[in-house]
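I am opening my notebook on this model.

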Amino acid sequence: MATLNTWRLALDIKQWVVTAAEAVKLHLHDDLKVNTKSGRNDLVTNIDKTTEQYLVQKIRAQYPEAKIVGEEGFGDQVEDLTGLVFFVDPIDGTMNFVKARENFAIMIGAYLDGKGIVGVILDVMKDELFWGGPEFGVYKNNLPLPKPKNITLSEGLLGMSGPLLVHDVKHVAAAVTASSGARIFGSAGIEFTKVIQGFENGYVSKLMPWDFAAGKVMAETLGLKVTDIDGEPLSMLSSKIVLIGTERTHAQILALQ
Ligand code: 2AM
Ligand code: CA
Ligand code: CA
Ligand code: CA
């Protein structure tokens with residue numbers, strides 16, 4: 001592959017995601033076709049599918065050699081991370097989209113030989129576009145985001161997933177008790193945007209690679225720690241309980257395990 005222009009790549013991804021969001025908004029009050037996947041809380045709609053199809057088609061036209069990992073199955077069967085790989089989550093927070101029409105995001109993460117180079121998360125209803133990577137820093141719309149302060153567990157709000165808290169998986173209840181409080185937004189992408197802005201000191205959830213690919217690039221660029229719940233590096237090809245946090249919060253939560 002010719003040398004990759006990461007600025008161009010970021011610009012492309014931002015444009016696709018913003019255009020995709022405009023289409024979603026045009027259909028905001030339509031009746032949705034909703035289907036269940038693994039269970040009654042795991043939904044997919046016709047909008048998830050058409051959004052992924054649109055994004056996949058844009059990626060294939062502009063980056064024909066790239067591989068695509070897409071949640072709804074319009075990408076490729078990706079077995080290894082060599083070359084350019086796009087992780088696409090067309091609607092993150094589908095339950096929020098279906099029930100509340102807010103707190104959902106469109107996300108794309110781009111990785112080169114396994115290394116995160118661009119992450120983009122668009123909070124669709126707030127028109128907040130988070131984007132960045134190690135080569136250019138992280139931005140909210142056009143404003144650069146500072147590195148979040150390295151606050152401790154007790155000093156901040158801890159993002160959670162409902163099921164982990166209800167079942168106290170990996171002692172997350174103790175982490176919540178030690179924190180300033182739990183927050184459950186129901187969208188991994190939205191939670192990542194809270195942590196990278198310093199509004200939450202951490203986030204714990206069982207996630208798939210498309211749930212964390214974009215957020216991980218931006219979080220690491222800003223000096224946050226992103227690992228699995230045992231402190232091990234994440235695999236970009238499998239599901240894990242993901243722990244993201246400031247360095248101090250991350251270490252404190254690991255110490256509870
Ligand atoms: P999704 O909306 O793209 O499926 C809360 O449900 C968060 O966890 C969302 O970001 C959701 O992404 C993600 N998630 C990951 N696996 C899930 C599952 N099996 N069921 C519901 N949500 C899941
Ligand atoms: Ca889903
Ligand atoms: Ca998701
Ligand atoms: Ca999704």
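**Entry 1: Met 160**

I started at Met 160, which sits in the loop between β10 (157-159) and α4 (162-166). I took helices (H or I, at least four residues) and strands (E, at least two) as DSSP runs, numbered from the N terminus. The model is predicted, so I noted the limits: local features need pLDDT of at least 70, side-chain atom pairs count only at pLDDT 80 or more, and totals for chains, interfaces and linings use all residues. Residues are numbered from 1 along each chain as its sequence is written, while chains are lettered from A and ligands numbered from 1 in the order in which they are written.

Next I listed contacts, meaning C-beta atoms, placed from the backbone, that lie within 7 Å. Leaving aside neighbours within four places in sequence, Met 160 touches Leu 165, Val 172, Val 176, Ala 182, Arg 183, Ile 184 and Val 204. I also checked Ala 214, 54 residues away along the chain from Met 160. The two C-alpha atoms are separated by 18 Å.

**Entry 2**

I looked up Tyr 111 in strand β5. Tyr 111 is buried, with 24 other C-beta atoms within 10 Å. Outside the four places on either side in sequence, its contacts are Leu 81, Val 85, Gly 116, Ile 117, Ala 213 and Met 236. Ala 175 is 64 residues from Tyr 111 along the chain, and their C-alpha atoms are 31 Å apart.

Then I went to Gln 252, in helix α8 (residues 247-255). With 19 other C-beta atoms within 10 Å, Gln 252 is partly exposed. Which residues does Gln 252 contact, leaving aside its neighbours within four places in sequence? I found Thr 152 and Leu 153. Leu 153 is 99 residues from Gln 252 along the chain, yet their C-alpha atoms are separated by 6.7 Å.

**Entry 2: positive phi**

I checked two asparagines. Asn 103 has a phi near 55°, positive in a residue other than glycine. It lies in the loop between α3 (94-99) and β5 (105-112). I count Asn 103 as buried, since 21 other C-beta atoms lie within 10 Å.

Asn 141 is not a glycine either, and its phi is positive at about 50°. Its loop runs between β8 (137-140) and β9 (143-144). Asn 141 is exposed, with 9 other C-beta atoms within 10 Å.

**Entry 3: α6 with α7**

Two packed helices are described by the angle between their axes and the distance between the axes. I fitted axes as lines to C-alpha atoms, for helices over the stretch in contact, with angles from 0 to 180 degrees between N-to-C directions. Helix α6 (residues 188-196) packs on helix α7 (residues 209-221) at about 10°, with the axes 9 Å apart. That makes α6 roughly parallel to α7. The classes are under 35 degrees for roughly parallel, over 145 for roughly antiparallel, 65 to 115 for roughly perpendicular, and oblique for the rest.

On the α6 side I noted Ala 188, Gly 189, Phe 192, Val 195 and Ile 196; they meet Asp 211, Phe 212, Ala 214, Gly 215, Met 218 and Ala 219 in α7. The residues of this α6 and α7 contact divide into eight nonpolar, two polar and one charged. Here Ala, Val, Leu, Ile, Met, Phe, Trp, Tyr, Cys and Pro count as nonpolar, Asp, Glu, Lys and Arg as charged, and the others, Gly among them, as polar.

How many of the nine residues of α6 are buried? I counted eight, so α6 is mostly covered. Gly 198 follows α6, with a positive phi near 80°.

**Entry 4: α1 with α2**

The axes of helix α1 (residues 6-26) and helix α2 (residues 46-62) come within 10 Å and cross at roughly 150°. The two are therefore roughly antiparallel to each other. In α1, Asp 12, Trp 16, Ala 20, Ala 23 and Val 24 meet Ile 47, Thr 51, Tyr 54, Leu 55, Lys 58 and Gln 62 in α2. I sorted the residues of the α1 and α2 contact into seven nonpolar, two polar and two charged.

**Entry 5: the whole protein**

The protein has eight helices and 14 strands. Buried residues are 45% of the 257.

Conventions
A residue is buried if 20 or more other C-beta atoms lie within 10 Å of its own, exposed if 12 or fewer, and partly exposed in between; C-beta atoms are placed from the backbone.
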